[in-house]
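This note is written for a colleague who is meeting the structure for the first time. Please read the points below beside the sequence and the 3D view.

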Amino acid sequence: MEITPIGRLFATQRTNALRLLLCLFFASQPVVAQQNPTVSTRKQGDPLEQLPANIEILTHFGERADISPDNKSIAFMAKSFGDAMTIDLKTRTIRCLTCNVPAAAFLRVMHLPNGDYLLTGPDHFEDATISRVRDSELWFLRNQRGAKPIKLGQKISAGLAISKKTLKIAFTQEYRSESDPARTTSELVVADLIISGDTPILTNQKKVYRVENQTCTLEAQDFYDNDRQLIFFCYNPAEKAAVMAIDLQTGQLTDQSKTTETHNEPEGIFANANYVTVESDRQVAWLGGKTGPSNIDIWKLKLDGTGKNMERLTHFNDYEGCKASNSVVSTDGKFMAFQSAKSSDPAGVGYGVLLYWFNK
């Protein structure tokens, strides 16, 4: 059948109208997980030599960065089981916080909102497993030159969360069964730190969540919603982690990552508490390699309970043997600090701190 000029005009108008409706529809939809790969196989080389304009190298050594509450300096570890350091972001002056401690064997240094610090680690090094798991404890360090760390008398497993506003902290305790050494219990604990006189103390300790390690191992990451909620992760024996949130008033749990197929470990929460940075292995789906914490990059997850709104921020794992990890976000939301790492190394080991600018 022959189409008349008038018929062609109406057909064109209908097509254009349909295109306009589709454009308006897709423009109104939220951006979900950024899954389009920039490369389909890993490249050779060093990602530090191919950094985008919004990423800069801050140090060429160190790991586990933590940004000060005023966003003017960063504390970090020189190495695992080593000294705590701090660097001024304006002058780039590096100062050692614990070099007055012989054979320092600390694992983490984090800022308290009053400017002082909390450290984790054993009082001496035996081996990587015993010193990290069995003997690691909490230490308090005043922000004064020459100050020495003070034990708080609290054993701790892995990392901790510190409120941005108060002296409230959260950490994990693990208990090993005497009858079955392979069986442990993992508990999240919330407590208040009281700094009075020469000996700070932990008080108001409350166990807020408990699991058997056959299910997962817990680690606290960040408070939000005026300290009413806590982001933590649940690390299972299959080397997969889930981003979890717990309401500290009701005990209600929310699975924010909504998947058991990938590794998703929360790191730094944004000031508006709508997003959190995540160590994730989602890019392994197109790059290949082992899943879990060995092949990770830093992603950004929206805390809306769907697990769908994920955006990839770093591309270190596009390079063979490389990964980016241990990110933390500034309180003004302008930048994050993270570290360059190797896929073959244990979690937390890093080879320099970098800055990622969201808004400079």
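The points that follow concern a nonpolar core, a sheet and a set of paired strands.

1. The model is predicted: local features need pLDDT of at least 70, side-chain atom pairs count only at pLDDT 80 or more, and totals for chains, interfaces and linings use all residues. Residues are numbered from 1 along each chain as its sequence is written, and side-chain values use heavy atoms, with hydrogens and water left out.

2. The largest nonpolar core has 17 residues. Such a core is a set of buried Ala, Val, Leu, Ile, Met, Phe, Trp, Tyr and Cys residues joined through side-chain atoms within 4.5 Å, where buried means under 20% relative accessible area with a 1.4 Å probe, protein chains only. Among the residues with the most contacts inside this core are Leu-188, Leu-218 and Phe-223. Apart from this core lies another, of 15 residues, including Met-110 and Leu-202.

3. An open sheet of four strands runs in the order S18-S19-S20-S21, with antiparallel pairing. Strands are DSSP runs (E, at least two residues), numbered from the N terminus, and two of them pair if DSSP finds at least two bridges between them. Strand S18 (264-269) and strand S21 (310-312) stand at the edges with a single partner strand each, so one side of each is left without a neighbour in the sheet.

4. Strand S23 (residues 335-342) has seven of its eight residues buried. S23 pairs in the antiparallel sense with strand S22 (residues 322-329) over six bridges and with strand S24 (residues 353-357) over five bridges. Gln-339 in S23 stands opposite Ser-325 and also opposite Val-353 in S24.

Key. Buried means under 20% relative accessible area, exposed over 50%, partly exposed in between (1.4 Å probe, protein chains only).
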